[in-house]
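Good morning, colleagues. I would like to take a few minutes to go through the structure on the screen, beginning with the surface and ending with pairs of side chains.

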Amino acid sequence: MTTLTGGHFGYALKAGARIEDSAVVHNESEETRTFHVYGADVAHAAGGGLAPAQEGRRMSAVGAWLRLDSPATVTVGPKSSATVRFSLTVPVGTPPGSYLGSLVTALRTPAVSGGVNTETRIARLVELTVPGTSDLQVSLTELEHRTTGGAEEFTVTVRNTGNVLYTFAGTLNVTGGSVSPVPLTPTGIYVIPGGSATLTGRLTDLPALGRLAVTASVTATVPGGATRTARSDTVRLFRFPWLPAALACAGLLALALLLVLTRRRRRAWLRRRADERTALRALRRELRAGGPPAGGPREPGRATPDRPATGA
């Protein structure tokens with residue numbers, strides 16, 4: 001994986017032109033090493049950056065236009081170096097724009113137990129500019145959103161639909177809730193013409209209640225040249241404290257149920273008290289009238305309507 005910092009090859013050639021150059025392979029180890037050198041196209045690697053295509057794949061751009069003028073296999077002694085010569089020919093009719101390839105030096109280690117080979121590759125980018133009208137074009141896919149870990153995560157893909165290489169920087173812009181813009185990552189990587197890169201951003205510490213509108217903006221910059229900004233569609237969020245509200249509703253429901261049960265118990269208690277007072281008033285009336293309590297024991301020898309008096 002590499003980016004265009006230093007130590008790479010940069011050319012400006014017209015269609016049909018050819019240039020010759022060379023690279024030096026250093027062996028810093030204490031043993032003789034055999035390296036394999038080849039030209040390759042580049043593509044975007046997962047997580048950002050650029051990676052050279054594997055040897056043996058069909059090359060379609062700079063990887064196909066680059067030819068070695070030295071043997072592809074180079075044996076270099078300990079603490080020594082060797083020069084590899086190559087040429088780059090731009091096909092006739094190549095449209096203006098930016099093209100990327102790479103010069104790869106690979107070191108394959110002998111197989112270890114289990115028959116597994118490992119290969120170490122060092123790539124130097126070959127950046128080719130074919131002069132002509134530059135067409136800086138940047139487009140964004142639909143802004144995707146999901147809730148994760150108490151935060152709102154957004155994803156958008158930037159696509160280079162023009163003919164020039166550019167870097168970019170992006171942000172998530174939020175309207176409502178006084179939320180500051182959030183940078184999209186990764187940033188500062190290159191997108192080749194026809195290439196794309198996926199950006200992500202997370203919004204945290206959002207207000208518990210309110211409406212938010214989220215938009216992604218990406219500014220593409222041609223090294224030492226023009227810039228262009230693209231904006232995505234808008235994702236609208238409605239923030240509401242569902243869990244606290246549900247807990248509050250459950251608490252209010254439990255309180256209402258408790259009040260209903262308490263009211264019913266009080267009504268039943270009041271009815272019992274009323275019945276007791278009614279029975280007590282009836283008893284008092286009978287006692288004042290001189291009769292025994294209703295249903296109570298009668299004195300022997302006392303007459304009743306259905307029973308004559310008896311002597312002792």
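Let me begin with a definition: a residue is called buried when its relative accessible area is under 20%, exposed when that area is over 50%, and partly exposed in between. Please bear in mind that this is a predicted model.

With those limits, consider arginine 267, which is located in helix α2, spanning residues 242–289. Its relative accessibility is 43%, and therefore arginine 267 counts as partly exposed. Arginine 267 is one of the members of a positive surface patch, together with Arg263, Arg264, Arg271 and Arg272.

Helix α2 also contains leucine 252. At 57% relative accessibility, leucine 252 falls in the exposed class. Leu252, Leu255, Leu258 and Leu259 make a nonpolar surface patch of about 410 Å².

I now turn to salt bridges. Side chains of opposite charge can pair when their charged atoms come close. The count in this model is 6 salt bridges. Glutamate 30 is bridged to lysine 79, with the closest N and O atoms 3.8 Å apart. This pair links distant parts of the chain, 49 residues apart: glutamate 30 sits in the loop between β2 and β3, and lysine 79 in the loop between β6 and β7. Glutamate 30 is exposed, at a relative accessible area of 63%.

Glutamate 31 forms a salt bridge with arginine 33, again with a closest N and O distance of 3.8 Å. Here glutamate 31 is partly exposed at 48%, and arginine 33 is partly exposed at 27%.

Returning to helix α2, arginine 273 and glutamate 276 lie 3 residues apart, about one turn of the helix. They form a salt bridge, the closest N and O atoms being 3.7 Å apart. A network of salt bridges also links Arg146, Glu153 and Arg202.

Finally, the aromatic residues. The structure holds 3 aromatic pairs. In one of them, the ring centres of phenylalanine 9 and phenylalanine 86 are 5.3 Å apart and the planes stand at 80 degrees, so the pair is edge-to-face. The two residues are 77 apart in the chain, phenylalanine 9 in strand β1 and phenylalanine 86 in strand β7.

Phe9 and Phe86 form one aromatic cluster with Tyr11.

Conventions: Residues numbered from 1 in each chain as written. Predicted model: local features only at pLDDT ≥ 70, side-chain atom pairs only at ≥ 80, totals over all residues. Heavy atoms only, no water. Patch = residues over 30% accessible without salt bridge, like charges linked within 9 Å, V, L, I, M, F, W, Y side chains within 5 Å. Areas by Shrake-Rupley, 256 points an atom, 1.4 Å probe, with all protein chains shown as cover. Salt bridge = Lys/Arg side-chain N within 4 Å of Asp/Glu carboxyl O. Lys, Arg positive; Asp, Glu negative; His and termini not counted. Charge placed at Lys NZ, Arg CZ, Asp CG, Glu CD. Helix = DSSP H or I, 4+ residues; strand = E, 2+ residues; numbered from the N terminus. Buried < 20%, exposed > 50% of the residue type's maximum accessible area, 1.4 Å probe, protein only. Phe/Tyr/Trp six-rings, centres within 6.5 Å; stacked < 30°, edge-to-face > 60°.
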